[in-house]
Amino acid sequence: MTKGGTVYIMSNLLRTVVYVGVTSDLRNRVLEHRTHFYKGSFTDKYNCTICVYYCYYSSIIEAIATEKQIKKWSRKKKDELITAMNPKWEDLWKEIETW
């Protein structure tokens, strides 16, 4: 059985920085970002504690491939992706924490 994966994007409070990641456990991964679990990491350094986007894939391989594609995109294209799912760039933690 293949385990799925989720591509997600974290941002800071001012929404000036974005971080694209992939995980098989979105709730725990976002919680790690929110609590600065990995000291010195990009998300810790730039205070990316707000999840503004996520998309689930039935295959982790597909999720990883998508993450790699999105990481190559311009900031403008990433912003458009986020806005299409989350027009106000709201923190999606309340949806995610109950998973």
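Predicted model: local features only at pLDDT ≥ 70, side-chain atom pairs only at ≥ 80, totals over all residues.
I begin with helix α3, in which Ala63, Thr66, Glu67 and Ile70 are buried. Buried here means under 20% relative accessible area, exposed means over 50%, and partly exposed lies in between, with a 1.4 Å probe and protein chains only. These four residues cover an arc of only 105 degrees around the axis, which puts them on the same side of α3; the arc is that of the directions from the helix axis to the C-beta atoms. As background, an α-helix has 3.6 residues a turn, so residues three or four places apart point the same way.

Residues are numbered from 1 along each chain as its sequence is written, and side-chain values use heavy atoms, with hydrogens and water left out. Helices (H or I, at least four residues) and strands (E, at least two) are DSSP runs, numbered from the N terminus.

On the other side of α3, Ile61, Lys68 and Lys72 are exposed. What covers the buried residues of this helix? The cover includes β1, β2, β3 and α4, where contact means heavy atoms within 4.5 Å. At the start of α3, a side-chain oxygen of Ser59 comes to within 3.2 Å of the backbone nitrogen of Ile61.

I turn now to the nonpolar cores, each a set of buried Ala, Val, Leu, Ile, Met, Phe, Trp, Tyr and Cys residues joined through side-chain atoms within 4.5 Å. The largest has 13 residues, and those with the most contacts inside it are Val7, Ile9, Val52 and Ile82. Strands β1, β2 (18–23) and β3 (50–57), together with helices α3 (60–72) and α4 (75–85), each supply at least two residues of this core. Its largest share, four residues, comes from β3. Apart from this core lies another, of 11 residues, among them Tyr8, Val17, Val30 and Trp93.

Next, two individual residues. Thr6 lies in strand β1 (residues 5–11) and counts as buried because its relative accessibility is 3%. Leaving out residues up to four places away in sequence, Thr6 touches several others, including Gly21, Leu26, Tyr54 and Ala63.

Asp25, by contrast, lies in the loop between β2 and α1 (26–34). At 33% relative accessibility, Asp25 counts as partly exposed. Asp25 and Gly4 are 21 residues apart in sequence, and their C-alpha atoms are 9.0 Å apart in space.

How values were computed
Polar contact = N/O pair within 3.5 Å; in protein donor to acceptor, adjacent residues only side chain to side chain.
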